[in-house]
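Subject: Structure handover

Hello,

Here is the structure for you to look over. My notes follow below it.

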Amino acid sequence: MHKLPTINFTNKRNLKPGSTSWLATSIEATRSLEEYGCFIAEFDKVTPELNDAVFKGLQDLFDLPIEVKVQNKSAKPLYGYVGQIPFIPLYESMGFDYSNTPDGVKSFVDVMWPNENEAFSATVLAYNRLAAELEEMVTRMVFETYGVEKYLDAHRKMVTYLCRGMKYRAPEKNETNMGFVPHTDKDFITVLHQNGVNGLEVKARDGQWFTVELKPSSYIVMSGDGAMAWSNERLYSPFHRVTMNGNENRYSIAQFSFLEGIIETPKEFVDEEHPLLFKPFDHLKYLEFYSRPENRTLESALKAYSPEKNETNMGFVPHTDKDFITVLHQNGVNGLEVKARDGQWFTVELKPSSYIVMSGDGAMAWSNERLYSPFHRVTMNGNENRYSIAQFSFLEGIIETPKEFVDEEHPLLFKPFDHLKYLEFYSRPENRTLESALKAYCGV
Ligand SMILES: [Fe+2]
């Protein structure tokens, strides 16, 4: 079972650059960001009083009327109010940039409280400055550990912070407990803090999800896609999500570092064994790319992003067919990729006289999962257009697993269901990003 390392950022001696314990802490922090993409920091610069004020402030903020909260907007993509989304009903959040500066805080608070809220402004500014100190310390440790500290000044000049306050209300009876969908952070380094209520889950490199349990004095430090690209994939940008158990609301506050400028991998990370994986790219343009709906479900937005073209080579997103049996045929241009049962994607190369025959969700349910309905996608390489024609078989009626597929070792997996009603279920936007629409619809 995985457990995040806890690293001590409270001992003043540990935090004196150049000291032996600073070096030891630097290595520990960097290795944790490599292995898990995050660690727990014990950090005592935020006093218990300030800590309480932060969460009291967040509660007041989210208690504002919805008409006020939706006024939280930004010219930058993904920086404003998020909430009232049917498939993540527990989640609400607000964000603002330049969050460790008086002007940044003021421009946010002026919109939320036109008659001022000085206490909130002072609290959030004080908190964000301390969170930025922690981020600066960790970033410096990472640059030093990799021997690339000569790039640190240039990096620091480009860093700006986005602060996001988040509320996850406790689920009601019969409601999803999903607080937020799996995602990677798109920034460089995130510093995340929560009220006493746990819920964060992180996906380890081996694919296992594990829960992160935090004390009130604990912070999560996490590397995002920016740091992963910069380090040529030495640092890891982990998938993480929020699952709400229990009856208490969870409040959290994150400060994300974004570069106003280009993320470029230092040549020190590149050699024969480690070829360059990412071209230099504008960090905020990457965020803009990710913010488009068609890019939100990519497995790795970072890999799909091409800074020159500013256009993805993704022909179609990963999906399973919803029918029974598909017959697919294409012009001479390849592009179909299939995900094997072991999770590996591979390309299908076809002669002009070839056809793909594929089983869909209908066949998988009918056969009690003997037949497989594979994820597949289209990736466009080269300069030619691809045309294809598919014929899908659908049942006008009920799909029911014959009893011959069911025994003690193979319990029934899917209830009988109307095939076209399943298609209707899948067509709703909130069901398009489910890992298995089939299991959600008619799984036993
Ligand atoms: Fe996140």
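Ile189 has Ser223 as its bridge partner in E10. Strand E10 covers residues 218-223, and four bridges join it to E7 in an antiparallel run. Helices (H or I, at least four residues) and strands (E, at least two) are DSSP runs, numbered from the N terminus. Two strands pair if DSSP finds at least two bridges between them.

This is a predicted model: local features need pLDDT of at least 70, side-chain atom pairs count only at pLDDT 80 or more, and totals for chains, interfaces and linings use all residues. Numbering starts from 1 along each chain, as its sequence is written.

**Strand E7**

E7 also runs antiparallel to strand E12 (residues 250-259), with five bridges between them. There, Thr190 stands opposite Phe256.

E7 is mostly covered, with six of its six residues buried. Buried means that 20 or more other C-beta atoms lie within 10 Å of the residue's own; exposed means 12 or fewer, and partly exposed is in between, with C-beta atoms placed from the backbone. Both faces of E7 are covered. One side carries Ile189, Val191 and His193; the other has Thr190, Leu192 and Gln194.

**His193**

His193 sits in E7, which spans residues 189-194. It counts as buried because it has 25 C-beta neighbours inside 10 Å. Leaving out residues up to four places away in sequence, His193 touches Tyr219, Ser252 and Ile253. A contact here means C-beta atoms, placed from the backbone, within 7 Å of each other. His193 and Leu214 are 21 residues apart in sequence, and their C-alpha atoms are 9.0 Å apart in space.

**A four-stranded sheet**

Four strands form an open, antiparallel sheet in the order E6-E11-E8-E9. Strand E6 (178-183) and strand E9 (209-211) are at the edges. Each has a single partner strand, so one side of each is left without a neighbour in the sheet. Neighbouring strands of this sheet are turned by 25° against each other on average, direction ignored. The axes behind that angle are lines fitted to C-alpha atoms (for helices, over the stretch in contact), and angles run from 0 to 180 degrees between N-to-C directions.

Inside the sheet, strand E8 (residues 200-203) and strand E11 (residues 240-243) pair in the antiparallel sense over three bridges. Leu200 stands opposite Val242 in E11.

**The chain as a whole**

The secondary structure comes to 12 helices and 23 strands. The radius of gyration is 24 Å, close to the 22 Å that the globule rule gives for 444 residues, so the chain is as compact as a globular protein of that length. That radius is taken over C-alpha atoms, and the rule is 2.2 Å times the number of residues to the power 0.38. Along its principal axes, the C-alpha trace spans about 65 × 55 × 45 Å.

Buried residues make up 34% of the 444. Of the contacts with a separation of 6 or more, 73% join residues 24 or more positions apart.

**Domains**

The chain divides into domain 1 (6-305) and domain 2 (314-442). These bounds come from an automatic or database domain assignment. Taken over C-alpha atoms, the two domain centres are separated by 36 Å. Seven residues of domain 1 are in contact with five residues of domain 2. On the side of domain 1 that touches domain 2, five residues are nonpolar, one is polar and one is charged. Nonpolar covers Ala, Val, Leu, Ile, Met, Phe, Trp, Tyr, Cys and Pro; charged covers Asp, Glu, Lys and Arg; the others, Gly among them, count as polar.

Best wishes

Key:
Contact = placed C-beta atoms within 7 Å.
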